[in-house]
Structure formats: C-alpha cells, structure tokens
Amino acid sequence: MSAESSAADYRGADKQRLSETRSIDYIPASERHGHPFSQFTLWFGGNLQITAIVTGALAVVLGGDVVWSIIGLLVGQIVGAAIMSLHAIQGPRLGLPQMITSRMQFGVFGAVIPLALVCIMYVGFSASGTVLAGQALAKLINTSNATGMMLFSAIIVVIAVLGYRVIHKLGKVASVIGILAFVYLFITLLTTHDLAAVWQNQHFTIANFLLAVSLSSSWQIAFCPYVSDYSRYLPANVSAKKLFSSVFFGTVLGTQASMTLGVIVAAIAGTAFSGNEVGYIVGLGSSATMAMVIYFAICFGKITFTTLNAYGSFMSLTTIVSGFRAKTSLSRGGRILFVVLMVAVSCIIALLSEPAFLKSFTHFLLFLLAFFVPWSAISLTDFYLVTKGRVDVPALSQPNGRYGRWNGIGIVVYFCGVLVQLPFIDNPLHHGSLTWIFAGNDVSWIIGWLVTALLWLLASKWDRRGKLTQSIYPNE
C-alpha cells in the first residue's frame, strides 16, 4: 500500500471518529468537513433552553411589559447575532478556534488578558446551567438537587471530552426535542390562559426597552469568544453568506423563541415565577407524565448549552497554558484533566450559590459585556479591515515571532475600550457617573464597540506585525 493511500485511509477514518483528537491547533484541509446548516441546528437547539427563558423573563420581572419587551429582545438579538455571525466566519477562514487568534492582536502572552475573562464567564455560564438542569434532573430521577447537579456535571464532562462532532450531533437532537417541547408549552399557554390582558398591558419606557435590548444583545455577544470553535472544521472556502445566515437565523430564532416564552410566562405568573423558574415551567404540563417529559426536555436543552460553555472554557484554558509552553498540541490525558477541572469549578459554584445565583449571574453577565465588547471590536476590525483575514499560523505559538509576547498597542486599545464604557454602565455592580445623559439607560456596549473599532483602525498605522500578502500555514 502506498504512503498516499495510507494517508487517505487515515484521513477517512479520522473524519468518522466521534472523539476529537485536536484542540487549539490548526485544522488542515484534509480534515475539513461539514455543511453550514450544522451551525443552524447547533445554535437553534442550543438556545431552546431554560436559561434563555429565564433571561427573557427578566425583561418583565424588572418592570417591562410584554409587547415592548419582546420587541426590545428581538432588536438586541439582531444586533448581537450579527456580530456573533461575523465571528463565526473566522473559524473556517483561519482554521483555528476563536480565542487563539487573539494572539494576533494582543501577542502570544498578552492574549491571556481576554482569555482569563473568557474562562471566568464560561464557568459562570456553566454554573447557571448546572443549577437549573440539576433541579430538573433531580425531579426526573427523584433525588436531591445537589446529586442532580453532580450527575449533570458528569454528563457534561463526557460530552466535552468527546468534542466537536458529538457536540454538533447533540445540537441536531436538541433542535428536535426543543421544537416539540416549545410547541407544547406555547399551545398550553394559549389554551389554558387568557392572554388578552397581558397583550393589552402596554407601558413603553425607554429604560425598560433598552434593558430588553441589552439582555438579548449581551446574550448573543457572550457567544463570540467561542463561536468559531464550532465552525473551524468547515471547508476553508465555505460560503460566507451561507455560514453567516445559518448562525444568525439559528441563534436568533432559538433565543427569541425561548425569551418570548419567558416574557409571557413571567407576565402571567407574576411573583410566582421568580425563584421557582423550573417548577413553574414544568407546572404548565397537564399531567404528571407531561411534567416528566418537560423535565427531560429542560435537562437535554441544558446539556447542549452547558457543553458549549464547558468546551469553550476548556479551549480557553488550553490556549492560556499553551501560550507559555509554545505548543498547540494537547495529550488525551491533558484534555480530560482540563475539562474535568473547568466543569468541577462550575459545579462547586452551583452547589454553593443555588438560592440566589441566577439574579446575581444576570448582573454579572451584563457587567462582563464591558470586557468582551472591545475584544470583539478589535477582533472583527482587524480581521475584516486590517489583516483581511491573513494570518501566520506558526507564529501564533512563537513568543519571539511575528506577533511577539505582548502587543502593547492592542492591550492599550483594549483597556481604552473598557474604560470608555465605565461612565455609561448602569448595573448593580457598577453605576456610571454619566448615565444621566441617557436618562439612566445603559448604552455603554454601543459606545464601547464603536470607539474601540475606531481606535484600532487608527492604531493599525503603527502596526509592527508586518503585512502579509497571504496566510502562512503549517505543513499538513
């Protein structure tokens, strides 16, 4: 047998392998596969879940009405999902996971700054999912909430270790289960409750409207640091339009369905919803059997979403460690260790913070937006307008190479993007001094994104990375 046929057989076998062998290293053309539609099912199914329902409900819980909350949430979905979908295109074009490309703008060591924040955020996301899914799983198998959380975490470890292909297959199944569960819940609401009063109760205020916009846009932008992790195996020449549309419509439709359900349920339930989110949703079931089915749907939806966060946090931690080791490969044992570590931290946080976690987590999520908006602006502006998608892949692992250890310009622009937002943030964790200009409304993320993008364009005049006429890839 020739060397060429042996290599082809290996590549064919690798494409059928469920367990992922790569981590943050470049995906060569021989291993590329898939279709943009897989992005639709992943983000659609991943967002048909209980945390998105609770997040949408907050628009009403915090004072909004149904109609304008739904409209505000949709506006935020569109803006945030557009930014997220632009990041998704970076995956197949560069053949790399999202956060390792930050070394282009921050340096091999400097990229640790946004990476550390990403790890914190995804641990928080995973913890919130563990709280809600653990409650549902506990009811499903008749055990304590703590046991339910630990069992749920064990499931997440297994799936995150298996990696890319299993996660995408899970997304397809989650889409089907999510559609069936949501259709049932919406029909139940329409047939068992008089929604006329809910729709007629309209009291538009700019503050509540912008809160709804911020809730959904922050939800979408929070995916940006790992969205291309799940598109990087697609062929390099995949249609940007098809990929953008698949991610955009998948995440908008899935999230808007969940958040709309949350808005309606919160308006009907009143004070009975807060603190009993899972129980109230399950209570919409017309029988004990249907209640168990809904518990199962909640668990399955959270498995998909929490796996995304666990896998993303594992990739980010791997990128941090590899930067100081000048390596991109990771052993099987190292992969398992990193996944177990990140999931265990999330589980411990969930166990310790269950009673009041979700409300505090929402404030935390909105505050963290200030740190990811400038990163997103730098990444997209650099990719689409400065480097035009050209990258020196080997140099991403060379502290003494093209991108250096620390890119002072990138780090300064990033922190300027964070600082310019602080006066305009209105959050229980931080009240900006200039929010009165916008009648107390938080528009910091809009200001931060635009200012950072402009600063990066100006800073590119002093770019010392050198201009590439084409990308440089490792030998396949």
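## Exercises on helix packing and the nonpolar core

Ile-294 lies in helix α13; helices are DSSP runs of H or I with at least four residues, numbered from the N terminus. The model is predicted, so local features need pLDDT of at least 70 and side-chain atom pairs count only at pLDDT 80 or more, while totals for chains, interfaces and linings use all residues. Residues are numbered from 1 along each chain as its sequence is written, and side-chain values use heavy atoms, with hydrogens and water left out.

**Exercise 1.** State whether Ile-294 is buried or exposed, and list its contacts.

Solution. Step 1: the relative accessible area of Ile-294 is 5%. Step 2: buried means under 20%, exposed over 50% and partly exposed in between, with a 1.4 Å probe and protein chains only. Ile-294 is therefore buried. Step 3: contact means heavy atoms within 4.5 Å. Neighbours within four places in sequence aside, Ile-294 touches Tyr-184, Leu-185, Ile-281, Val-282 and Gly-285.

**Exercise 2.** Determine which residues touch the most other members of the largest nonpolar core.

Solution. Step 1: such a core is a set of buried Ala, Val, Leu, Ile, Met, Phe, Trp, Tyr and Cys residues joined through side-chain atoms within 4.5 Å. Step 2: the largest one has 137 residues, and Trp-43 and Ile-281 touch the most other members. Step 3: helix α13 (residues 288–325) contributes the most to this core, 16 residues. Step 4: beyond four places in sequence, the contacts of Trp-43 include Met-84, Phe-223, Tyr-226 and Leu-308.

**Exercise 3.** Classify the packing of α4 against α10 by angle.

Solution. Step 1: the axes of α4 (residues 66–94) and α10 (residues 206–221) come within 7 Å and cross at roughly 30°. Axes are lines fitted to C-alpha atoms over the stretch in contact, and angles run from 0 to 180 degrees between N-to-C directions. Step 2: angles under 35 degrees count as roughly parallel, over 145 as roughly antiparallel, 65 to 115 as roughly perpendicular and the rest as oblique. The two helices α4 and α10 are therefore roughly parallel. Step 3: by class, their contact has 12 nonpolar, eight polar and no charged residues.

**Exercise 4.** Classify the packing of α3 against α6 in the same way.

Solution. Step 1: the axes of α3 (residues 50–61) and α6 (residues 112–141) come within 9 Å and cross at roughly 100°. Step 2: α3 is therefore roughly perpendicular to α6. Step 3: Ile-50, Thr-51 and Val-54 of α3 meet Ser-128, Gly-129 and Leu-132 of α6.

Methods: Ala, Val, Leu, Ile, Met, Phe, Trp, Tyr, Cys and Pro count as nonpolar, Asp, Glu, Lys and Arg as charged, and the others, Gly among them, as polar.
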